[in-house]
Amino acid sequence: MDARILLLPGDGIGPEVVAEAVRVLDAVAGRYGHRFTYRTGLVGGAAIDRYGDPLPGPTRDALRECDAILLGAVGGPRWDHGAVRPEAGLLALRYELGLYANLRPATLFEGLEAASPLRPEVVRGTDFLIVRELTGGLYFGKPKERDGHQAVDTMRYTAAEVERVARVAFRAARGRRRKVHSVDKANVLETSRLWRDVVSQVAEEFPDVALEHLLVDTCAMQLVQKPTTFDVILTENTFGDILSDEAAAVVGSIGLLPSASLGERPPFLYEPVHGSAPDLAGRGVANPLGTILSAALMLRYSFGLAVEAEAVEEAVREVVREGVTTPDLGGRAGTQEVGAAVAERVLRRET
Ligand code: IPM
Ligand code: MG
């Protein structure tokens, strides 16, 4: 197939990890006879430096002419005190493209038991998917303002917003172990009580999927006590942000976690869960696997290339098993070495 991919490398380690994902996508194209064409755009701090805008006009134009987007990371201390923050570019991108469902799979890879702070017998077999609502809640609710010594953020959800993301979670559960934990704070928050009601209603359309409601503080605790009991975790924007970093720590490194942000229509956005890691930037040691696995999700969700996606994921598992990893996972390989090792295994793959 022919596909147009917009690359938004962004800031910090973003460009380094995106380059390795492109190397792997090229291997997929070569091995399976596809053609991927790339355009590169500016987002985040890099775009502020050039245009004074974290999501500038040329990037917005490019969004309309691509089939999928691969983003590296945005942000860094350099832009922390400016009038506009790099993160605003990413948030605008998610909001304007209507990417309300953020999928973040967290799997413990064989050979990485020691990278987790949890005991091996607790963490072994961990494999769950966080479905995070991405265009509502505190991130976007109005009013959102600062007035001298007072500030306000607004948590707002409509039933329709909860319903559509709940459907994504239940559908995903059908392809997995058929269990959804819906996470909220219904003992305190009105938005959570709405969330709980709507999710329960949606659950009736999926009698084959088990639903359990869980308070977010309890969920945070159980994620480290018994991570293997989770299959699909469905939650709102801010809770999902927090729980996904916790999930990353559970499975060994935030450098490993990919994400897909989906909406009603393409283009969809793929990005690693980690940030721009300014301390690692330019040193060639950043872990590219989260971005490579995000590219695999692109193959699966945007292009319907399930076999190719599996080839990339299997190549990543092999590379990890063989210990070709960056220092965050206890290895001694560099960013490019890891990317090349994955690409090479994809090229050599037989199916
Ligand atoms: C994430 C990040 C972003 C978020 C930041 C960079 C705005 O932490 O994708 O998890 O909070 O959504
Ligand atoms: Mg986050």
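On a 1 Å grid over the protein atoms alone, a pocket is an open set of points where a 1.4 Å probe fits, with protein on both sides within 12 Å along at least five of seven lines; lining residues have an atom within 4 Å of a point. This is a predicted model: local features need pLDDT of at least 70, side-chain atom pairs count only at pLDDT 80 or more, and totals for chains, interfaces and linings use all residues. Residues are numbered from 1 along each chain as its sequence is written, ligands are numbered from 1 in the order in which they are written, and side-chain values use heavy atoms, without hydrogens and water.

**Exercise 1.** Find the volume of the largest pocket and the residues closest to its centre.

*Solution.* Step one: the volume, which is the space filled by probe spheres set on the grid points, comes to about 660 Å³. Step two: 25 residues line this pocket, and P105, R176, L297, R300 and E313 are the closest to its centre.

**Exercise 2.** Which residues are around ligand 1?

*Solution.* Step one: count a residue if one of its heavy atoms lies within 4 Å of the ligand. Step two: this gives E87, R94, R104, R132, Y139 and D241.

**Exercise 3.** How far from an oxygen atom of ligand 1 are polar side-chain atoms of Y139, R132 and D241?

*Solution.* Step one: a polar contact is a pair of N or O atoms within 3.5 Å. Step two: the distance is 2.5 Å for Y139, 2.9 Å for R132 and 2.9 Å for D241.

Notes: A polar contact is a pair of N or O atoms within 3.5 Å; within protein, one must be able to donate a hydrogen and the other to accept it, and residues adjacent in sequence count only if both atoms are side-chain atoms.
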